[in-house]
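Hi there,

Here is the structure I promised to pass on to you.

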Amino acid sequence: GAFTPEAVRPLVETYLASLPATNRTETARDITITPPPGVVEKTVYAGTAPQAQVSVVFHGPMPDADDRAARVRFQAMADVLSKMLREELREDRGGVYGVGARPIISRDPVGQYQLRIDFGADPARVDELVAAVFERVQALKDGQASPAHLAAFKEQQRRARETNVQDNRFWTTILIDAARRDEPAEAYLTDAALAAALTDADIAAEARQFLDTGRVVRVTRLPVAE
C-alpha cells in the first residue's frame, strides 16, 4: 500500500495490460478422480530407516462446499480433532513427534472433502496408535472434546482476522477469488464471526457427518526388513 495509483500505473500498463487477451471462457471439468469407496487399508514397504509413516484419510461428497459457514465448521472440527490427537498420541502416549488433522475442501467441479491425519511412529506401535486415532474420532463424535479446544480455535480465528487485514497478500488472494467466483469480497472477512458462533454440539455433529469410519483410507509405510 506504500505507493500512489499514479506511480504504479506505468508498471501495470507495461507488465499486465500488455499481456495478450485470449477472450476465452473456461469452466471446470470433472475428470472423476475420487478416493476409493469403503474401507481401504494398504501397507507399503520402502526405505530402511526404522520409522513408519501413517496416513488416515476420511473423504466423501460435500454438497454445501460453496457455503462459507460450512467450510468454517469443517475447519473448526479438524482443528479440535488435531488438538485431541496431539494430547493423546504425543503428550499422553509419547508415540509421535507431531500429528494433525488437515482439512481439504474441493469446490470445483463438485463439492468434495478430505480430512487427512498423518504421523510418523515406531513401526512396532503403529497398530496401537492407529487404534488411538479412531478412539479420539469416536470421542469427538460423542461430544467429549474439551470446550477449551473450540475456544482456542475461535481465538486463533479472531487473531488471524486482525493480522490478515493488514497483509497485502491476503487482500490479493481475496479479491482474485471473489472475482473468479463472482462473490462479494466482504464475505471473506466473516470467518472469525462464523467461528465465534460455533458450539461444541456443532463440532460433534460435524464429526458425525464427515468422519465416517465406513469410508476411510489408511496407508502405512513400513521399512523394508533387512
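A nonpolar core is a set of buried Ala, Val, Leu, Ile, Met, Phe, Trp, Tyr and Cys residues that are joined through side-chain atoms within 4.5 Å. Please keep in mind that this is a predicted model.

Let's begin with the core. The largest nonpolar core holds 44 residues, and Leu-115, Ile-117, Phe-119 and Leu-140 touch the most other members. Several elements supply at least two residues each, among them strand E2 (52-61), helix H3 (126-141) and helix H7. Helix H2 gives the largest share of this core, 11 residues.

Leaving aside residues up to four places away in sequence, its contacts include Val-54, Ser-55, Val-56, Phe-58, Leu-81 and Val-133.

One of those partners deserves a look of its own. Ser-55 is found in strand E2. Is Ser-55 buried or exposed? Its relative accessible area is 15%, so Ser-55 counts as buried, the cut-off being under 20%. The side chains of Ser-55 and Arg-116 are joined by a polar contact of 3.4 Å. Ser-55 also touches Asp-118, Val-217, Arg-218 and Val-219, among others.

Searching the whole structure turns up one cavity of 30 Å³ or more, and the volume of the largest cavity is about 50 Å³. Its lining includes Val-80, Leu-140, Ser-146 and Asp-200. By class, six of the lining residues are nonpolar, two are polar and one is charged. Helix H7 (residues 200-210) gives the most to this lining, with three residues.

Happy exploring!

Methods
Residues numbered from 1 in each chain as written. Predicted model: local features only at pLDDT ≥ 70, side-chain atom pairs only at ≥ 80, totals over all residues. Heavy atoms only, no water. 1 Å grid on protein atoms, 1.4 Å probe; cavity = no way out; pocket = protein on both sides within 12 Å on 5 of 7 lines; lining within 4 Å. Points joined across faces, edges and corners; volume = space filled by probe spheres on them. Helix = DSSP H or I, 4+ residues; strand = E, 2+ residues; numbered from the N terminus. Nonpolar A, V, L, I, M, F, W, Y, C, P; charged D, E, K, R; others polar. Buried < 20%, exposed > 50% of the residue type's maximum accessible area, 1.4 Å probe, protein only. Contact = heavy atoms within 4.5 Å. Polar contact = N/O pair within 3.5 Å; in protein donor to acceptor, adjacent residues only side chain to side chain.
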